[in-house]
Amino acid sequence: MAVAKGACLNHISRESSDIRRLANFYKDIFGFEEIESPKFEFKVIWLKISPDLALHFIERSPDTKLPEGPYSASSPVLDPTHLPRGHHVCFSVSNFDSFVQSLKDKGIETFQRSVPNRPIRQVFFFDPDGNGLEVASRDE
């Protein structure tokens, strides 16, 4: 498959009522870079972290009947220990301990665990809209 130079191979789209807040979170926590996005009849913010991964934040339609994220950001159940399997996005980092410390320094509640019989450590947490996130260690 031919891919145009600079094109993204993978992207994740999320609808939000506050796309600027969400974009700033991902820029601050993961180092995403804001890139130019097409003009639509609704607001969008596109971010990229590598040529192969981009996030598209889309202004939430007033007609949307679904909750903001898998959990409402105001939900009393916003607990990373109960993050459902398969209902999160996963990233990996090379300096896991430093990354986890930066989350703690920012006051982000986390849950950590290790993958049984493998040298992989994981930290789970939520973005401001209640979308589940996992970050795994790359130092296998």
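This is a predicted model: local features need pLDDT of at least 70, side-chain atom pairs count only at pLDDT 80 or more; totals for chains, interfaces and linings use all residues.
Colleague: How do you know which helices and strands the protein chain has?

Modeller: They are DSSP runs, numbered from the N terminus: helices are H or I with at least four residues, and strands are E with at least two. The protein chain has 2 helices and 8 strands, in the sequence order β-α-β-β-β-β-α-β-β-β.

Colleague: Why is the contact between Asp129 and Arg21 called a salt bridge?

Modeller: The term requires a side-chain nitrogen of Lys or Arg within 4 Å of a carboxyl oxygen of Asp or Glu. For Asp129 and Arg21 the closest N and O atoms are 2.2 Å apart, so the pair meets the definition. Asp129 sits in the loop between strand S7 (121-126) and S8, whereas Arg21 belongs to helix H1 (residues 19-30), 108 residues apart. In general, side chains of opposite charge can pair when their charged atoms come close.

Colleague: What makes Lys106 and Asp28 a salt bridge?

Modeller: Their closest N and O atoms are 3.9 Å apart, so the pair falls within the limit already given. Lys106 lies in the loop between helix H2 (96-105) and strand S6 (111-114), and Asp28 in helix H1, so the pair ties together parts 78 residues apart in sequence. Lys106, at 40% relative accessibility, counts as partly exposed, and so does Asp28, at 48%.

Colleague: Which residues are linked with Lys27 in a network of salt bridges?

Modeller: Arg20 and Glu34 are linked with Lys27 in that network. Between Glu34 and Lys27 the closest N and O atoms are 3.1 Å apart. Glu34 is partly exposed at 33%, as is Lys27 at 28%. The whole structure holds 5 salt bridges.

Colleague: What makes a space in this structure a cavity?

Modeller: On a 1 Å grid over the protein atoms alone, a cavity is a set of points where a 1.4 Å probe fits but cannot get out; lining residues have an atom within 4 Å of a point. Grid points are joined across faces, edges and corners, and a volume is the space filled by probe spheres set on the points. The structure holds 1 cavity of 30 Å³ or more, and the largest cavity contains about 40 Å³ of space. Its lining includes Ile12, Arg14, Tyr26 and Leu55.

Colleague: Why is Ser137 called buried, and which residues is Ser137 in contact with?

Modeller: Ser137, in strand S8, has 4% relative accessibility and so counts as buried. Contact means heavy atoms within 4.5 Å. Leaving aside neighbours within four places in sequence, Ser137 is in contact with Val93, Phe96, Pro119, Ile120 and Arg121.

Technical notes. Residues are numbered from 1 along each chain as its sequence is written. Side-chain values use heavy atoms; hydrogens and water are left out. On a 1 Å grid over the protein atoms alone, a cavity is a set of points where a 1.4 Å probe fits but cannot get out, and a pocket is an open set with protein on both sides within 12 Å along at least five of seven lines; lining residues have an atom within 4 Å of a point. Buried means under 20% relative accessible area, exposed over 50%, partly exposed in between (1.4 Å probe, protein chains only).
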